[in-house]
Amino acid sequence: FGIPLVEAMQYGLPVFALPGSGVRETLGTAGVRFETRLPHRLAEIVDTVLSKPAWVQRIVKHQTERLAALREIHN
């Protein structure tokens with residue numbers, strides 16, 4: 001289970017994640033999952049997302065919804 005991902009979502013930060021164990025199960029359809037591991041592409045993606053406040057708001061909104069779903073599952 002991706003505790004650091006959940007912690008970041010709780011703080012209202014947009015989550016960017018490389019594919020790995022627990023990422024899909026933790027984020028669901030929320031956050032930004034990378035399809036690449038190339039450092040320059042990762043930087044471009046993060047820069048693009050963070051430069052668009054509406055995108056960040058949408059990502060955080062979906063993450064808030066995911067947190068609510070996770071709370072239901074684990075209560």
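Me: Which residue forms a salt bridge with Lys61, and how far apart are the closest N and O atoms?
Reply: In this predicted model, the partner of Lys61 is Glu65, and the closest N and O atoms of the salt bridge are 2.7 Å apart.

Me: How are Glu65 and Lys61 placed in helix 4?
Reply: They are separated by about one helical turn, because Glu65 and Lys61 lie four residues apart in helix 4.

Me: How many salt bridges does the structure hold?
Reply: The structure holds two, and besides the pair in helix 4 there is a salt bridge between the side chains of Glu44 and Arg41, with 2.5 Å from N to O.

Me: Where do Glu44 and Arg41 sit?
Reply: Both are in helix 3, and since they are three residues apart there, about one helical turn separates them. Glu44 is partly exposed, with a relative accessible area of 38%, while Arg41 is partly exposed with 35%.

Me: Switching to packing, what is the angle between helix 3 and helix 4?
Reply: The axes of helix 3 (residues 39-50) and helix 4 (residues 53-73) cross at roughly 95 degrees and come within 6 Å of each other, so helix 3 is roughly perpendicular to helix 4.

Me: Which residues meet there?
Reply: From helix 3, Thr48, Val49 and Leu50 take part, and they meet Trp55, Val56 and Ile59 of helix 4. The residues of this contact divide into five nonpolar, one polar and no charged.

Me: What about Ala17, where is its place, and is it buried or exposed?
Reply: Ala17 lies in strand 1, which covers residues 16-17, and at 5% relative accessibility Ala17 counts as buried, because the cut-off for buried is under 20%.

Me: Which residues does Ala17 touch?
Reply: Leaving aside residues up to four places away in sequence, Ala17 touches Leu5, Val23, Leu27, Val32, Arg33 and Phe34. As for Thr36, that residue is 19 residues from Ala17 in sequence, and their C-alpha atoms are 10 Å apart in space.

Me: Last one: what is the mean pLDDT of the protein, and which element has the lowest?
Reply: The mean pLDDT of the protein is 95, and 99% of its residues reach 70 or more. Among the elements, helix 2 (residues 23-27) has the lowest mean at 93, whereas helix 3 has the highest at 98.

Conventions
Residues are numbered from 1 along each chain as its sequence is written. This is a predicted model: local features need pLDDT of at least 70, side-chain atom pairs count only at pLDDT 80 or more; totals for chains, interfaces and linings use all residues. Side-chain values use heavy atoms; hydrogens and water are left out. Axes are lines fitted to C-alpha atoms, for helices over the stretch in contact, and angles run from 0 to 180 degrees between N-to-C directions. Helices (H or I, at least four residues) and strands (E, at least two) are DSSP runs, numbered from the N terminus. Angles under 35 degrees count as roughly parallel, over 145 as roughly antiparallel, 65 to 115 as roughly perpendicular and the rest as oblique. Contact means heavy atoms within 4.5 Å. Ala, Val, Leu, Ile, Met, Phe, Trp, Tyr, Cys and Pro count as nonpolar, Asp, Glu, Lys and Arg as charged, and the others, Gly among them, as polar. pLDDT is the predictor's confidence in each residue, from 0 to 100. A salt bridge is a side-chain nitrogen of Lys or Arg within 4 Å of a carboxyl oxygen of Asp or Glu. Buried means under 20% relative accessible area, exposed over 50%, partly exposed in between (1.4 Å probe, protein chains only).
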